[in-house]
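Hi,

Here is the structure I promised to pass on.

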Amino acid sequence: MAKLHVITYGCQMNEYDSERVAGLLREHRYELTDSEADADLILVNTCAIREKAEDKVFSKLGELRALKARRPELVLGVMGCMAQLQQGIVQKRAPYVDLVFGSPAVARVAELVERARRERRPVLETGEAPLVKITARPPSASRLKAYVTVMEGCEKHCTFCVVPRTRGRERSHPPDAIVDEVRGLVAEGCREVTLLGQTVNAYGRDLTPPTDLAELFRRVNDVDDLARIRFTTSNPYNLTPKLIAAMRDVPKVCEWFHLPLQSGSDAVLDRMNRGYTRAQYLDLIAALRDAVPDIALSTDLIVGFPGETEADFAATLEMVERVQYDNVFAFRYSRRPGTPAAVMPAQIGEDVKAERNARLLAVVTRVTAARSARLAGTAVEVLVDGVSRRNAGELAGRTRCNRVVNFDGGARVAVGDVVTVRVTEALPHSLRATLTTVPEEAVCSSR
Ligand code: SAM
């Protein structure tokens, strides 16, 4: 068999696509290798969300150039969002790249690789293509937890974001195809699925008949032997009372919710074209906590968006305090070519962005540590997913509210088990716990 090495940058959707590509190529006699030097084919799956992500890819391609010079028969491919966005520019800047293709062409990867190998001239494939559900996975893929893409694309047109250009219009996979994929994963030992979409809570609007994420939760919940359902990423604009009720009522849906805020300032939210105000966002948080009191909340925040004043930034800090997030992903605004925000006046200097980012992280560290601390002494449900990174004699897993837990499982607990533990120590980034023999009411446990 020929050898394939895949390098993945970016989000969970890219991880999912990399797995599909490895699964499809396996059917064409490519097996995965961890070693770049051994590979006959190297695919770099790219992210274009921020300039830094693109810089990383070009620097990696620079490294691979030497390998390609030593072994000209090596096929080097660039796939994913940056390929779709930059198109011919990738091969202009890195002419030794044989193949460039965007996410719509993933289903045709074997044919494209073969073309690049046979024709020995650059292949570029970044056109639109019909949505195809690909379920192929390499044998090495994680068995216990899996991503399942339920929709592609985004139509929100946030003024900072390239995703509508890299991933196209919103297109949902039919519920039957998704349920079949989940059943197949569970048959191979999967216990937790994360349903993926760029705006996953807009799922189903484009289908005939239309459906929604709440209905999909119920369908996926019915899959026997699946323990947990997660989903990401949601947009506040599409968060409906029906979905909040489903988060309360569908037993396998975990008490963990990622809801990007981006900014705490109404003026900035408006310029970002987010479609909600801070008051509306706070109303959603109140409704969520009312329905699911122990829900863990995480968010994305951008600092230094064009025109962001000190008062706008203070409003973002204030939202972190007010919402009491369990986790925050903070990003410095990155000017993306072709987006409306890139040409807005009053671009913020990198020094100001760095300073605001540091101040934001200080508040985030305090708030998220306090959220972790409140779990001390409580009983929590854990899906055991491996051995503790710090102590090979201990097991590790995640709570339903997505915190890492390390505990001594004795000889009674195995990877894949769902157990209840009592938290003995709540550290900022993980919990220590002891196994409880009698399952109890937990702060974030199965309902
Ligand atoms: N679709 C989701 C939403 O907007 O609600 C998020 C998807 S995006 C892939 C992940 C995060 O990257 C965004 O939530 C945003 O915080 C950040 N991001 C996107 N474009 C950015 C930019 N130009 N500069 C800095 N951060 C950016």
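Two housekeeping points first. This is a predicted model, in which local features need pLDDT of at least 70 and side-chain atom pairs count only at pLDDT 80 or more, while totals for chains, interfaces and linings use all residues. Residues are numbered from 1 along each chain as its sequence is written, and side-chain values use heavy atoms, with hydrogens and water left out.

**The ligand**

There are 17 residues around the ligand, and Gln-198, Gln-262, Arg-274, Asp-300 and Ser-334 come nearest (a residue is near if one of its heavy atoms lies within 4 Å of the molecule). By type, the shell divides into six nonpolar, six polar and five charged residues.

Some polar contacts to look up (pairs of N or O atoms within 3.5 Å):

- Asp-300 has a polar side-chain atom 2.6 Å from an oxygen atom of the ligand.
- Phe-160 uses its backbone: a polar atom there is 3.0 Å from a ligand nitrogen.
- Arg-50 has a side-chain N or O atom 3.2 Å from an oxygen atom of the ligand.

On its own the ligand has 580 Å² of accessible area, and the protein covers 92% of that (Shrake-Rupley method, 1.4 Å probe). Two elements give two or more residues to the shell: β13 (296–303) and β14 (327–332). Helices (H or I, at least four residues) and strands (E, at least two) are DSSP runs, numbered from the N terminus.

**Two buried residues**

Is Lys-353 buried or exposed? This lysine, in helix α13 (residues 350–373), is buried, because its relative accessible area is 4% (buried is under 20%, exposed over 50% and partly exposed in between, with a 1.4 Å probe and protein chains only). Beyond its neighbours within four places in sequence, Lys-353 is in contact with Val-303, Gly-304, Arg-332, Tyr-333 and Ile-348; contact here means heavy atoms within 4.5 Å.

Thr-46, in strand β3 (residues 41–46), is also buried, as its relative accessible area is 0%. Its side chain reaches the backbone oxygen of Met-79 at 2.6 Å; within protein, such a pair needs one atom able to donate a hydrogen and the other able to accept it, and residues adjacent in sequence count only if both atoms are side-chain atoms. Leaving out residues up to four places away in sequence, Thr-46 touches several others, including Tyr-9, Asn-14, Val-57 and Met-79.

**Strand pairing around β17**

Strand β17 (residues 404–408) runs antiparallel to β16 (residues 395–399), with four bridges joining them; strands pair if DSSP finds at least two bridges between them.

**Backbone details worth a look**

Where are the cis peptide bonds? One joins Thr-208 and Pro-209, with omega about -10 degrees, and Pro-209 is in the loop between β10 (192–196) and α8 (213–221). Another joins Thr-232 and Thr-233, with omega about 0 degrees; Thr-233 is in the loop between β11 (228–232) and α9 (241–249).

His-157 is not a glycine but has a positive phi of about 55 degrees. You'll find His-157 in the loop between β8 (151–152) and α6 (163–167), and it counts as partly exposed because its relative accessible area is 49%. Ala-346, in the loop between β14 and α13, likewise has a positive phi, near 60 degrees.

**One pair across the sequence**

Asp-294 is in the loop between α11 (278–291) and β13. Asp-294 and Glu-255 are 39 residues apart in sequence, and their C-alpha atoms are 6.7 Å apart in space.

Cheers

How values were computed: Nonpolar A, V, L, I, M, F, W, Y, C, P; charged D, E, K, R; others polar.
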